[in-house]
Amino acid sequence: MKRNLAALAVLVLAAVSACGAPSDPLKDNNAPAADGTINIGSVDFPENKLLAQIYATVLREAGVKSEVASPVSAREVVLKGLKDGSFTLVPDYSGNLLQALDPATTLTKSEDVYNALKQKTGPDLEVLEPAPGEDKDVLVVTQQVAQQFNLKSMADLGPKCPQLTLAAAGEWKTRWEAKIKQLYNCTFKEIRSTDAGGPVTLDAIKGGSAQVANLFTTASAISTNNFVQLADPKNMYPAQNVIPLAKSGKLKDAAKLALNQISKKITTEKLAAAVKRIEVDKENPQDVAWDFVKQNAG
């Protein structure tokens with residue numbers, strides 16, 4: 001990076017002395033960005049807001065002016081904001097973004113999804129290099145269930161499904177019931193509609209009313225409850241690599257280089273650990289982003 005973290009640390013100490021917290025220089029802003037400033041949008045959930053702050057931090061490290069806008073409600077709002085110029089840059093997820101741009105897609109592998117995205121974004125949008133880290137659907141079980149049924153993957157799960165109940169969001173049945181039967185010969189004893197990886201799902205698997213739950217790979221609940229993630233060797237769930245999505249023609253080479261460099265360091269494990277600091281430890285996303293960039297510089 002153009003400006004090293006040692007020099008940046010001096011600025012942080014000055015900010016702490018003046019304002020009381022290292023997060024003060026990272027300013028949230030609803031107003032349109034000034035000319036030449038990268039305005040970064042996000043969707044209103046902890047991980048996406050964290051990624052926006054990581055992008056802002058690394059861009060400032062590269063000497064690029066950036067601001068983080070207040071989060072919005074949904075991807076549709078983000079995409080509209082990129083196209084009309086309200087945002088310059090947003091963090092997104094490859095599979096869900098491709099699904100939004102091409103609802104008929106059946107691609108699931110990381111490379112295939114990314115290559116398709118480059119063709120589907122059109123003249124208004126530009127995708128940068130994807131991170132290896134993903135926030136994707138995953139089936140999990142407790143340690144006890146994993147040992148009882150000898151489960152390590154969805155292939156192991158298939159023949160055991162008639163004995164097991166799944167807890168998942170309401171749309172899971174419509175979207176995945178036929179697919180999991182096709183790929184893994186899995187027909188659950190029951191599919192219990194709960195929520196999208198939220199407290200109702202967690203209560204079901206922790207309480208034993210369900211033995212399998214659909215969560216997301218960066219969910220802090222996986223590590224805090226020591227759940228076992230079942231591998232998906234046939235790629236039923238599409239890749240969801242973290243990806244910077246930008247307004248075409250608005251990012252200079254220095255900004256692209258900085259973003260691509262930090263993307264290389266965003267693994268699923270690192271992202272999950274960072275999200276845990278926000279969701280469980282209740283730390284400020286700006287401070288967590290600052291630490292992430294410091295620890296993954298270079």
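Select strand E5, residues 137–141. Five of its five residues are buried (buried is under 20% relative accessible area, exposed over 50%, partly exposed in between; 1.4 Å probe, protein chains only). Strands are DSSP runs of at least two residues and helices are H or I runs of at least four, numbered from the N terminus. This is a predicted model: local features need pLDDT of at least 70, side-chain atom pairs count only at pLDDT 80 or more, and totals for chains, interfaces and linings use all residues. Residues are numbered from 1 along each chain as its sequence is written, and side-chain values use heavy atoms, with hydrogens and water left out.

Show the side chains of E5. Asp-137, Leu-139 and Val-141 point one way. Val-138 and Val-140 point the other way. In a regular strand, side chains alternate between the two faces of the sheet.

Strand E8, residues 212–216, pairs with E5 in the antiparallel sense over four bridges (two strands pair if DSSP finds at least two bridges between them). Val-140 stands opposite Ala-213 in E8. Leu-139 has Asn-214 of E8 as its bridge partner. On E9, residues 228–229, the pairing with E5 is also antiparallel, over two bridges. There, Val-140 is bridged to Gln-229.

Now widen the view to the sheet. Its five strands run in the order E7-E6-E8-E5-E9. The sheet is open and its pairing is mixed. E7 (190–193) and E9 stand at the edges with a single partner strand each, so one side of each has no neighbour in the sheet.

Step on to Thr-142, in the loop between E5 and helix H6 (143–149). Thr-142 is buried, at a relative accessible area of 17%. Leaving out residues up to four places away in sequence, Thr-142 touches Ile-205, Phe-227 and Val-228 (contact means heavy atoms within 4.5 Å).

Jump to Lys-247, in strand E10 (residues 242–247). What is the nearest side chain of opposite charge to this buried lysine? Asp-124, 4.5 Å away, and Lys-247 has no salt bridge (a side-chain nitrogen of Lys or Arg within 4 Å of a carboxyl oxygen of Asp or Glu). Lys and Arg count as positive, Asp and Glu as negative; His and the chain ends are not counted. The side chain of Lys-247 does reach the backbone oxygen of Lys-83, at 2.7 Å. Beyond four places in sequence, the contacts of Lys-247 include Leu-82, Phe-87, Thr-88 and Glu-126.

Glu-126 lies in strand E4 (residues 125–127) and Lys-256 in helix H11 (residues 253–265), so the pair ties together parts 130 residues apart in sequence. Lys-256 is partly exposed, at 23% relative accessibility.

Select Arg-75 and Asp-92 for another salt bridge, 2.7 Å from N to O. Arg-75 is in helix H3 (residues 75–84) and Asp-92 in strand E3 (residues 89–93), so this pair ties together parts 17 residues apart. Asp-92 is buried, at 4% relative accessibility.

Then pick Glu-283 and Arg-277, whose salt bridge is 2.6 Å from N to O. Glu-283 is partly exposed, with a relative accessible area of 29%.

Buried residues make up 50% of its 298 residues.

Note on methods
Polar contact = N/O pair within 3.5 Å; in protein donor to acceptor, adjacent residues only side chain to side chain.
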